[in-house]
Each structure stands twice: as structure tokens, then as C-alpha cells.
Amino acid sequence: MHDHSPAPASWRIALPHSAAAVPVARALVRNALAELEHTADGDTAELLTAELVANAVEHTSGRTPIELVVELMPTGCQVEVHDPDPSPPADLTRPDVEPPDPWREDGRGLLLIRALSSSCGHRPTGAGKAVWFRLPAVPAQRRPH
């Protein structure tokens with residue numbers, strides 16, 4: 001029996017510290033949203049999760065696994081990526097001093113996250129940091145069929 005009361009659901013998964021983590025993270029977010037028939041924009045959630053995970057893998061050294069935390073609330077979803085590097089992600093927080101170079105690979109992802117998420121940020125954790133974004137739930141009548 002499925003209880004469709006809007007209780008928050010959350011997943012916490014350790015991912016390998018390698019590029020292989022990216023498709024795994026995308027699939028997890030896609031499945032999480034599909035399983036609960038959640039109305040946040042799955043494509044955007046996947047895209048932004050992939051950027052966060054790729055960023056964590058690329059910019060932190062060592063073999064410590066990174067962790068993906070997906071939380072689904074009635075109002076939207078929040079995805080966090082935990083990595084072992086305590087230094088904050090540059091592009092997420094600092095005001096853009098110079099316009100980003102669109103041809104530079106790094107840097108683009110976090111600008112994308114700022115542009116597409118309803119809010120985003122980072123916080124220190126006991127083991128490093130967590131970078132997160134939130135997407136709002138989309139009312140059913142606005143969804144494409």
C-alpha cells in the first residue's frame with residue numbers, strides 16, 4: 001500500500017572519487033524523482049547533480065569517496081554533494097569579478113547551477129564541505145504531458 005502523504009524522503013549514497021561517479025549520481029537523482037513521482041524538473045536536477053559531482057571529483061584530491069545526499073520535500077528537492085575538501089567552491093559564492101570565459105571548462109558548471117536552481121550554496125561539514133542546490137516542485141498543471 002502506497003501512502004502518498006508528502007513526507008520528505010532522503011537518500012545518502014557514497015560515490016567513487018572518479019568520473020564514474022557522474023553517471024551514477026545522475027541515475028540516482030532520476031530514479032529518486034521518478035520513484036516518488038516528484039514534480040521537480042528531473043532534467044535540471046540531473047544536469048546540476050552531474051555538475052556538482054564532476055566538480056567535487058575534479059577539484060578535490062585523494063581517494064575519499066564523495067557522498068550524494070538527495071532530499072525530496074513537498075516543496076521541491078535538494079541535492080547535496082559532500083567532499084573531503086574544506087575550501088569553498090569559488091564560483092558559487094564570490095561575486096563575479098570578471099565575466100566568466102565561456103570556453104573554460106571549469107567555472108561553467110557552477111554558473112549553470114546558480115542560474116538554474118532556486119537556491120544554492122555550501123557549508124562546512126566535519127569531514128570537508130557540502131555543496132547543494134534546491135529546485136522547486138513544479139505544479140502539475142504546468143508540467144508538459
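Reader: How is the expected span of a helix worked out?
Author: Helices here are DSSP runs of H or I with at least four residues, and strands are E runs of at least two, numbered from the N terminus. Take one less than the helix's number of residues and multiply by 1.5 Å.

Reader: What kind of model is this?
Author: Local features need pLDDT of at least 70 and side-chain atom pairs count only at pLDDT 80 or more, while totals for chains, interfaces and linings use all residues, since this is a predicted model. Residues are numbered from 1 along each chain as its sequence is written, and side-chain values use heavy atoms, leaving out hydrogens and water.

Reader: How far apart are the end C-alpha atoms of helix α2?
Author: Helix α2 covers residues 42-59, which is 18 residues. At 1.5 Å a residue it should span 26 Å, and the computed distance agrees: 25 Å.

Reader: Is H17 buried or exposed?
Author: H17 is found in the loop between β1 (9-15) and α1 (21-35). Buried means under 20% relative accessible area, exposed over 50%, and partly exposed in between (1.4 Å probe, protein chains only). H17 has 8% relative accessibility, so H17 counts as buried.

Reader: Which backbone oxygen does the side chain of H17 reach?
Author: A polar contact is a pair of N or O atoms within 3.5 Å; within protein, one must be able to donate a hydrogen and the other to accept it, and residues adjacent in sequence count only if both atoms are side-chain atoms. At 3.4 Å, the H17 side chain reaches the backbone oxygen of V57.

Reader: Which residue in β5 stands opposite S119?
Author: β4 and β5 form a hairpin with 2 residues between them. Strands pair if DSSP finds at least two bridges between them, and these pair in the antiparallel sense over 7 bridges. Opposite S119 stands R134.
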